[in-house]
Amino acid sequence: MTIPAPLGWAAEGLAFVLELAALVALAWWGFTRPVSRLASVALGLGAPLLAAVIWGAFAAPQASFALPLVGVLAVKALVFGAAVVALASIGHRGLALWFGGVVLLDTVVVTVLRAAG
């Protein structure tokens, strides 16, 4: 079975947008913590930076460390799961559920398309 190229591009594009959205959710969480201004800035910058470093090292297409598929999916679950928890913890439970659902669906589609291609 041949997968239409536009479907692959759309799924990969959405995956990238979701990755960026996860970083935004982590920053939003950090900047809105009820702590001192300095701690809030540190969390707002540090949480997405840590997630980006972990992603780049283990889950990116050109990751520094090659993991088997299950490892890559575990890293993705960790980063996206943290973003979902972050959204829920700042009072956006509906957005967290929606985001988690879209991430799950797109991750399945991208994983299947990559395995087929």
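**Entry 1: cavity lining**

I sorted the lining of the largest cavity by class: five residues are nonpolar, one is polar and four are charged. In this scheme Ala, Val, Leu, Ile, Met, Phe, Trp, Tyr, Cys and Pro count as nonpolar, Asp, Glu, Lys and Arg as charged, and the others, Gly among them, as polar. The model is predicted: local features need pLDDT of at least 70, side-chain atom pairs count only at pLDDT 80 or more, and totals for chains, interfaces and linings use all residues. Residues are numbered from 1 along each chain as its sequence is written, and side-chain values use heavy atoms, with hydrogens and water left out.

Which residues line the largest cavity? I listed A15, L18, E19, W55, K76, F80, D106, T107, V110 and R114. Helices α1, α3 and α4 each give two or more residues to this lining. The largest share comes from α4, with four residues.

I noted the grid rule. On a 1 Å grid over the protein atoms alone, a cavity is a set of points where a 1.4 Å probe fits but cannot get out; a pocket is an open set with protein on both sides within 12 Å along at least five of seven lines; lining residues have an atom within 4 Å of a point. Grid points are joined across faces, edges and corners, and a volume is the space filled by probe spheres set on the points.

The count is one cavity of 30 Å³ or more. The largest cavity has a volume of about 80 Å³.

**Entry 2: R114 and its partner**

The structure holds one salt bridge (a side-chain nitrogen of Lys or Arg within 4 Å of a carboxyl oxygen of Asp or Glu). E12 pairs with R114, and the closest N and O atoms are 2.7 Å apart. The pair links distant parts of the chain: E12 sits in helix α1, R114 in helix α4, 102 residues apart.

E12 counts as partly exposed because its relative accessibility is 33%. R114 is partly exposed too, at 42%.

**Entry 3: K76**

Helix α3 holds K76. Its relative accessible area is 10%, so K76 is buried. Contact here means heavy atoms within 4.5 Å. Leaving aside neighbours within four places in sequence, K76 touches W55, A59, G81 and R114. I also checked K76 against L49: 27 residues apart along the chain, C-alpha atoms separated by 15 Å.

**Entry 4: F80 and the core**

Which residues touch the most other members of the largest nonpolar core? F80 and F99 do, in a core of 18 residues. A nonpolar core is a set of buried Ala, Val, Leu, Ile, Met, Phe, Trp, Tyr and Cys residues joined through side-chain atoms within 4.5 Å. Helices α1 (5–31), α2 (37–58), α3 (69–89) and α4 (93–116) each supply at least two residues of this core. The most come from α3, with seven.

**Entry 5: pockets**

The largest pocket has a volume of about 200 Å³. Its lining has 16 residues, and A59, L67, L69, V72 and R114 lie nearest its centre. By class I read 13 nonpolar, one polar and two charged. Helix α3 gives the largest share, four residues.

The second largest pocket has a volume of about 150 Å³. K76 and F80 return here, including them in a lining with L73, A77, G81, V84, G100, V103, L104 and T107. Six of these residues come from α3. The classes are six nonpolar, three polar and one charged.

**Entry 6: whole chain**

The protein has four helices and zero strands. Helices (H or I, at least four residues) and strands (E, at least two) are DSSP runs, numbered from the N terminus. The C-alpha atoms fill a box of roughly 55 × 30 × 20 Å along the principal axes. Buried residues make up 29% of the 117 residues. Among contacts between residues at least 6 apart in sequence, 55% join residues at least 24 apart.

Technical notes:
Buried means under 20% relative accessible area, exposed over 50%, partly exposed in between (1.4 Å probe, protein chains only).
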